[in-house]
Amino acid sequence: MYAAAPRVLVVDDDAVIRQLVVVNLELEGFEVHTAADGVDALEMVREVAPHVITLDIMMPRMDGWDVAAQLRENPATAGIKLIMLTARAQEADVRRGSRLGVDYYLTKPFDPDELITVVQKLAEGQSV
């Protein structure tokens with residue numbers, strides 16, 4: 001679908017998780033960028049125009065809920081595919097993600113193969 005590799009923005013304040021996601025996605029040929037919190041994430045969105053974002057919820061400065069809401073409210077970013085990748089596994093959190101327009105909700109600890117499959121499908125415009 002894309003002439004170049006699809007761009008993925010990995011947003012997580014935990015450097016170990018961030019690196020784990022980056023390594024797995026880069027091995028599959030994705031162009032991967034990172035941000036450590038929501039404020040940095042919104043800046044990176046403007047810089048790299050990602051096709052897919054993996055987004056943690058609990059982060060300093062701006063949480064994932066606020067990032068998702070801002071992305072969905074802006075017509076220029078509303079179409080970016082969002083994957084919540086978080087330890088928050090409560091049903092209320094999953095419902096909140098759905099209301100915000102999150103495309104997929106994946107809880108930590110996560111299966112890297114599932115993450116790769118979901119990112120690939122979303123980057124190709126498929127539903128998951």
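**Figure 1. Helix α3 is largely enclosed by the rest of the structure, since seven of its 10 residues are buried.** In this predicted model, helix α3 spans residues 64–73, and its buried residues are Gly-64, Trp-65, Val-67, Ala-68, Ala-69, Leu-71 and Arg-72. The elements that cover these buried residues include the helices α2 (38–48) and α4 (91–100), together with the strands β3 (52–55), β4 (81–86) and β5.

**Figure 2. Helices α2 and α3 pack against each other in a right-handed crossing.** The axes of the two helices, α2 and α3, come within 9 Å and cross at roughly 25°; because angles under 35 degrees count as roughly parallel, α2 and α3 are described as roughly parallel to each other. The contact is formed by Gly-38, Leu-42 and Val-45 on the side of α2, and by Val-67, Gln-70 and Leu-71 on the side of α3. Sorted by class, this contact of α2 with α3 comprises four nonpolar and two polar residues, with no charged residues.

**Figure 3. Asp-37 is a buried residue in the loop between β2 (31–35) and α2.** Its relative accessible area is 7%, and Asp-37 counts as buried because this value falls under 20%. A polar atom of the Asp-37 side chain lies 3.0 Å from the backbone nitrogen of Val-39, and the side chain of Asp-37 also makes a polar contact, at 2.8 Å, with the side chain of Arg-61. When neighbours within four places in sequence are left aside, the residues in contact with Asp-37 are Val-11, Met-59, Pro-60, Arg-61 and Met-62.

**Figure 4. Thr-54 is a buried residue of strand β3.** Thr-54 has a relative accessibility of 1%, and it is classed as buried because the cut-off is under 20%. Not counting residues up to four places away in sequence, Thr-54 touches Val-8, Leu-9, Val-10, Val-11, Val-21, Ile-83, Leu-85 and Leu-115.

**Figure 5. Asp-111 is a partly exposed residue in the loop between β5 (104–107) and α5 (112–123).** Asp-111 and Glu-47 are 64 residues apart along the chain, and their C-alpha atoms are separated by 29 Å.

Technical notes
Residues numbered from 1 in each chain as written. Predicted model: local features only at pLDDT ≥ 70, side-chain atom pairs only at ≥ 80, totals over all residues. Heavy atoms only, no water. Helix = DSSP H or I, 4+ residues; strand = E, 2+ residues; numbered from the N terminus. Buried < 20%, exposed > 50% of the residue type's maximum accessible area, 1.4 Å probe, protein only. Contact = heavy atoms within 4.5 Å. Polar contact = N/O pair within 3.5 Å; in protein donor to acceptor, adjacent residues only side chain to side chain. Axes fitted to C-alpha atoms, helices over the stretch in contact; angles between N-to-C directions. Parallel < 35°, antiparallel > 145°, perpendicular 65-115°, else oblique. Left-handed = near helix turned anticlockwise from the far one by under 90°. Nonpolar A, V, L, I, M, F, W, Y, C, P; charged D, E, K, R; others polar.
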